[in-house]
Amino acid sequence: MIPSTHSSDDSLGARNAGLPGPRLLSVGGGKGGVGKTFVTANLAAALARAGKRVVVVDVDLEGANLHTCLGVASPQKTLADFVSEREDDLGKLLIDTPLANLKLIAATHGNLADAQPSHLRRVRLLRSLRQLDADFVLLDLGAGAHASVLDYFLVSDDGILVVQPEPTSVENTYTFLRAAFYRRMRLAMVGHGVRQLVTLAMDQKNERGIKSPLDLLREIEATDGAEAQRFVETMRVFRPRLVVNAVRTAEDVKLGFAIASVCKKYFGIEVEYLGYVNHDEEARRSVSLRRPIVDLRSDTDVSIYLQRIARKLLEPAASRG
Ligand SMILES: Nc1ncnc2c1ncn2[C@@H]1O[C@H](COP(=O)(O)OP(=O)(O)OP(=O)(O)O)[C@@H](O)[C@H]1O
Ligand SMILES: [Mg+2]
């Protein structure tokens with residue numbers, strides 16, 4: 001999602017166009033319990049079943065449970081070892097899963113006093129993730145819009161948001177998108193004054209009356225034409241993806257289009273609706289059985305929808321548009 005031309009992004013380990021390395025995907029969403037881990041585990045499994053070499057990483061250090069969805073019991077070496085600097089080589093934390101082509105870097109709540117990595121450690125982590133020997137690396141993000149969660153989302157080649165068709169989840173999705181958008185913009189701006197303007201716009205009650213990204217763009221245009229151009233270009237490549245999980249009705253399915261349309265109108269950004277997954281007790285059962293449903297029952301509707309989304313991820317971004 002981040003253009004590779006800009007120096008301030010490099011510190012976060014953004015992908016350099018043309019360089020080899022895995023495609024980095026992150027799966028987040030403002031609200032807890034909407035199915036982020038379920039979707040991550042199953043997209044990873046679907047990609048692995050399609051013959052891709054996949055590493056799935058649990059970066060939800062405070063609510064780690066991805067290993068359980070994949071049938072890995074009590075991992076001994078985890079991301080907590082990297083965070084606490086006990087282990088520097090991320091490759092040594094890779095664990096085999098019961099599925100061919102699919103490896104896991106698990107997390108556990110290793111150190112209750114200091115679960116989140118420092119900024120420097122996070123930068124190191126993101127660089128190491130880019131160097132893993134895989135076709136795809138998928139990150140399972142925690143809930144909320146904490147700076148660390150936003151950074152994982154923003155540096156990924158595909159940032160995927162999982163939303164459920166209920167007002168609380170939709171509200172949190174917009175909060176997440178808004179936070180990610182302004183953080184992205186602040187990173188992209190070079191001038192101190194313009195960065196301050198972006199910070200000001202993040203406060204909804206700001207004294208300049210900036211209410212939307214388009215208001216902010218007008219303010220930037222008035223002060224610095226080059227920065228305004230950078231703003232527009234960053235806006236163009238900021239392209240979050242959306243999955244609507246646990247749909248029950250045809251109306252629920254339309255939610256993805258509605259969110260995309262609001263984002264276009266309010267932020268001026270394109271959100272790609274990757275697809276939906278139906279609500280099914282079989283999905284819950286697969287979690288209880290600790291097996292991705294695409295592996296357990298590849299012919300059921302939930303699996304068919306998840307595999308459809310995975311196929312979209314295999315397409316180059318340009319042809320998806
Ligand atoms: N499509 C679905 N149909 C039915 N149940 C589902 C579906 N998707 C997820 N679930 C159920 O919801 C539970 C919670 O999902 P999951 O743990 O993936 O959410 P999460 O967003 O990762 O939560 P957290 O924010 O705590 O990390 C799953 O264990 C599963 O039982
Ligand atoms: Mg989760």
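The lining of the largest cavity divides by class into 6 nonpolar, 2 polar and 1 charged residues. Here Ala, Val, Leu, Ile, Met, Phe, Trp, Tyr, Cys and Pro count as nonpolar, Asp, Glu, Lys and Arg as charged, and the others, Gly among them, as polar. The model is predicted: local features need pLDDT of at least 70, side-chain atom pairs count only at pLDDT 80 or more, and totals for chains, interfaces and linings use all residues. Residues are numbered from 1 along each chain as its sequence is written, chains are lettered from A and ligands numbered from 1 in the order in which they are written, and side-chain values use heavy atoms, with hydrogens and water left out.

The structure holds 1 cavity of 30 Å³ or more. About 40 Å³ of space lies in the largest cavity. A cavity is a set of points, on a 1 Å grid over the protein atoms alone, where a 1.4 Å probe fits but cannot get out; lining residues have an atom within 4 Å of a point. Phe 38, Ala 41, Asn 42, Cys 69, Ser 286, Val 287, Arg 291, Pro 292 and Ile 293 line the largest cavity. α2 gives the most to this lining, with 3 residues.

The largest pocket has a volume of about 490 Å³. Its lining has 25 residues, and the closest to its centre are Gly 33, Val 34, Gly 35, Lys 36 and Phe 38. A pocket is an open set of grid points with protein on both sides within 12 Å along at least five of seven lines. By class, the pocket lining has 9 nonpolar, 12 polar and 4 charged residues.

Ligand 1 takes the space of the largest pocket. A molecule sits in a pocket if more than half of its atoms lie within 2 Å of its grid points. The elements giving two or more residues to the shell around ligand 1 are α2 (36–49), β7 (241–247) and α12 (281–288). In total, 17 residues surround ligand 1, with Gly 33, Lys 36, Thr 37, Phe 38 and Asn 245 the closest. Such residues have a heavy atom within 4 Å of the molecule. The shell comprises 6 nonpolar, 7 polar and 4 charged residues.

Polar contacts (pairs of N or O atoms within 3.5 Å) are tabulated below.

| Protein atom | Ligand 1 atom | Distance |
|---|---|---|
| Lys 36, polar side-chain atom | oxygen | 2.7 Å |
| Asn 278, backbone N or O | nitrogen | 3.0 Å |
| Asp 280, backbone N or O | nitrogen | 3.1 Å |

The protein covers 81% of the 640 Å² of accessible area that ligand 1 has on its own. Accessible areas come from the Shrake-Rupley method with a 1.4 Å probe.

Technical notes
Polar contact = N/O pair within 3.5 Å; in protein donor to acceptor, adjacent residues only side chain to side chain. Helix = DSSP H or I, 4+ residues; strand = E, 2+ residues; numbered from the N terminus. Points joined across faces, edges and corners; volume = space filled by probe spheres on them.
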